[in-house]
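Student: Could we go through this structure together? I would like to start with the backbone and then turn to the side chains.

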Amino acid sequence: MHALHHWVWIGLCFGLTACSSQVRADSRNYLGENHLEGNHLEGNHPKGDRLELNDLYTVQANILAIRIDSGKTIYGQQRRYQPHPDDTQNLDDDGNLWVERNDQPLGALVGEKRQILRSFDRLEGSLLKISWATNPQTYRLVSDQDPHYHNGQSPRQVFRKSKPLDLAQIGPWENAWPQTHVLYLQLPQVLQPGQRYRLDMIDTSGTVQAQRSFEYRPDRNFSEAVHVSQVGFGPEDSKIAFLSTWMGDGGGVHYAEDLNFWVIQSPGHRSPNPEKIDSEKIQGTLVYQGKIKQRRSAEEGEDLRDRNYNKTTVYEMRFDAVKRSGHYRVCVETVGCSFEFEIGPKVWAKAFRLAAQGLYHQRSGIELGPPFTSVRRSRPFHPEDGTRIYQSTTPLLATGNGLHYEWDNFAALVAGKTDQTVKAWGGYFDAGDWDRRIQHLEVTRLLLELLEVTPADRIQLTLPESQNELPDVLDEALWSLDFFQRLQRADGGIRGGIESANHPKWGETSWQESQTIMAYAPDVWSSYVYAGVAARAATQMQSHWPERSDRYRTSALQAMDYAERHYVKLSAKDKTALHHGVKDARNLAAVELWRLMSNDPTEDLEANRWHTIFLATTVFQHPTQPLYRWESHDQRDAAFVYARLPKTRVNPTVQANARAALLAEADTSLKLGQQTAFGWTRMEPGQPIGWGSSFGNPKVTTLIRAHALTKDKKYLKAALLGCQFSSGANPLNMTYTTGLGQRFPQHPLVVDQRALGQAPPPGITVYGPLDPEASTEDWNIQQIASQVYPKLEQWPATEAYFDVYLLPAVAEFTVHETLAPVAYAWGYFATQRDDF
């Protein structure tokens, strides 16, 4: 589903079911252990429903933080429906068949025969009593060793931030929200390193409701204030960690710039049960010491919008000198330590394999399971299983899923349905749902480019095709291309993809799809996009696999010929053909075909035809044109192709302009990364932080291309810095790729797993945080806003990630917008050493 247009789906089905929350054990040592659990919770809680201090850590010597989670989603499951005389069924406008029993919501019937019931979720436990939790008199800090606390003292103030931990759909359009709260206790006296303390939470009668004992050891204990990449670093990478805290209604925390930080090498291997480690035994070896340095104050703008996205001062810690392979933590004097991370030659190769696995998990038309993945999924959308795909007369170009975002995604497609059937399978599911669209060829394009500019053909993946003669990365690259080749008509036209009549029904999986499935009609845009990518594949395979190269070459030329014939007709009468996306796709296809054919003297006439079209449509005839201009053009890919061609095969002025434009964008991106607090960057400095353009995946493709062109290390360094935020060096200390690091998204919008109440598949990179100041008008965001404290617009964008399944602006993804760029970046970093 296109990143800009999920509003239709949200308007229909926000608040639907939540999936299994299997939180991975964190490799961290929080302060102390719970000694007593109380029951100071709101509502009528069941017997045994207890208050628990989930985490306790310091953010400063006089600020103690605790995290309390309240409520838990118990996810519904699919099971065979057993009708009951007291059941009633109600069919809504979206085709969901809801079931009630004795006037109580039961679930929905799913599948073509409606014989399977997907039950509703339920919420267990009670919510925290906020007035009690934010009262300083609720807390008493006691110490037998620190004389300031011999008699016990309460904090001077208590600050709070709260947000949804998950979502439970307990009925049609009825939601319940587990909550997570972080409370910051501003203490009357600083804690003393090496001393032991006990924190009591007491009610008005003096009864202890919860209790935690701990030793204050900032050189050993984990703190959420210290942020570092959970991918880790290559030995020669620039290495950075960050320090920051935003306390919700308490605002930001300032740290003294003379604070020491230490890089400590962990002894042995990571513990399989890290939270059980005795802090006395976590010592390690000090390998580096430095001073923290302010990177960006809370008052300084970070981008062309002059916005600060952190609402607190952020500090940096550099430790480039640490190169020895091993596992480390960064610890800050009086504060605490980061998650453990690795330095080693293979950290980026591991990350790339995870990203590639995410693409594999998005494959349509195959069964998932061992030995290729631990994820199990039945084969969806395959004609041999009875799937029928009907031809529509509506092209993708003329819908909201194409280039005309204001147009309806589905109505035109359904209106054009015919009785003609199409046999095709494969491709990638777009996101959490199941459409496959021509935009997904961006995956193929970027993986093929990775093979062109690096030795990525040496990276081994775990694929069903791994035993064939092709490199594994090439096999993955061709998966989507082959799908669209199956959709090619005899006249060369490329159908833009396959889509169902509407968004997935509630509780229904991909292999249970009960809606009408249709193929878009061919159009010039889809045909141009395909022609360019097929030509690139033919170029890649020309030397070693000539027969397969010829197949893609022939298919590309047929698609290009179709597009050219129809472009002339449509440009004269149909404004859709004039959209710059069509023109850019034509320009890119032309340069790819020129690259493919210009080496063969027997193809001079045909090759020159494509070069002529490229030169006539490129913006780089002019020296001041950027790679991208809003609503004008986006010729980034074509510029990089042309900039790398031999000088004997180019117009020298156009090549010089294309190269200059690429390096200019890279320089701007580099500069932006230097001035943002966490080093994130983007290719358009003024682009808002929002749907499809957030922090979840790094925007470093142009920086990598600049490095590939020039070998100037400043671009590689900037690209690595630009990947830190999404890799875990952020205020939430989480990566935005499932299965990566110590903490990652638990509830991305993946329909199959959620319908079954399962954990999400690894390797899925989500959009990431939203900008609260720019997102408050969306009604689904407003629903989240009612569950957030402080007010949503007061949250910093860098913390505004809410791990809620049906919040697509943050928790969804697409294969072309997030998964492909991440795989490209991590694959490039992985291959910068000979021993990857």
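Predicted model: local features only at pLDDT ≥ 70, side-chain atom pairs only at ≥ 80, totals over all residues.

Student: What is the peptide bond from Pro-370 to Pro-371, cis or trans?

Tutor: The bond from Pro-370 to Pro-371 is cis, and its omega is near 5°. Most peptide bonds are trans. A cis bond also joins Tyr-789 and Pro-790, with omega about -5°. Pro-790 sits in the loop between α17 (779–785) and α18 (808–811).

Student: What is the phi of Trp-173?

Tutor: Phi of Trp-173 is near 65°, a positive value in a residue other than glycine. Most residues other than glycine have a negative phi. Trp-173 belongs to the loop between β13 (168–171) and β14 (174–176), and it counts as partly exposed at 49% relative accessibility.

Student: And what about Glu-631, which phi does it have?

Tutor: Glu-631 is not a glycine, yet its phi is positive, about 60°. Its place is in the loop between β32 (628–629) and β33 (633–634). With 63% relative accessibility, Glu-631 is exposed.

Student: Changing topic to helices: how many residues does α5 have?

Tutor: Helix α5 (residues 441–453) has 13 residues. From first C-alpha to last it reaches 19 Å, close to the 18 Å expected.

Student: Why is α5 described as largely enclosed by the rest of the structure?

Tutor: Of its 13 residues, 11 are buried, so α5 is largely enclosed by the rest of the structure. The buried residues include Leu-441, Val-443, Arg-445, Glu-449 and Val-453.

Student: Which residue forms a salt bridge with Glu-449?

Tutor: Arg-536 does, and the closest N and O atoms are 3.5 Å apart. Glu-449 lies in helix α5 and Arg-536 in helix α7 (residues 524–541), so the pair ties together parts that are 87 residues apart in sequence. Both Glu-449 and Arg-536 are buried. They also belong to a network of salt bridges, whose other members include Glu-442, Arg-445, Asp-637 and Arg-705.

Student: How many salt bridges does a search of the whole structure find?

Tutor: The search finds 47 salt bridges. Side chains of opposite charge can pair when their charged atoms come close. One example is Glu-236 with Lys-323, whose side chains meet at 3.4 Å, N to O. That pair links distant parts of the chain, 87 residues apart: Glu-236 is in the loop between β18 (226–228) and β19 (240–243), and Lys-323 is in the loop between β23 (314–318) and β24 (326–332).

Student: Is Glu-236 buried or exposed?

Tutor: Glu-236 is exposed at 57% relative accessibility, while Lys-323 is partly exposed at 39%.

Technical notes:
Residues numbered from 1 in each chain as written. Heavy atoms only, no water. Helix = DSSP H or I, 4+ residues; strand = E, 2+ residues; numbered from the N terminus. Buried < 20%, exposed > 50% of the residue type's maximum accessible area, 1.4 Å probe, protein only. Expected span 1.5 Å × (residues − 1). Salt bridge = Lys/Arg side-chain N within 4 Å of Asp/Glu carboxyl O.
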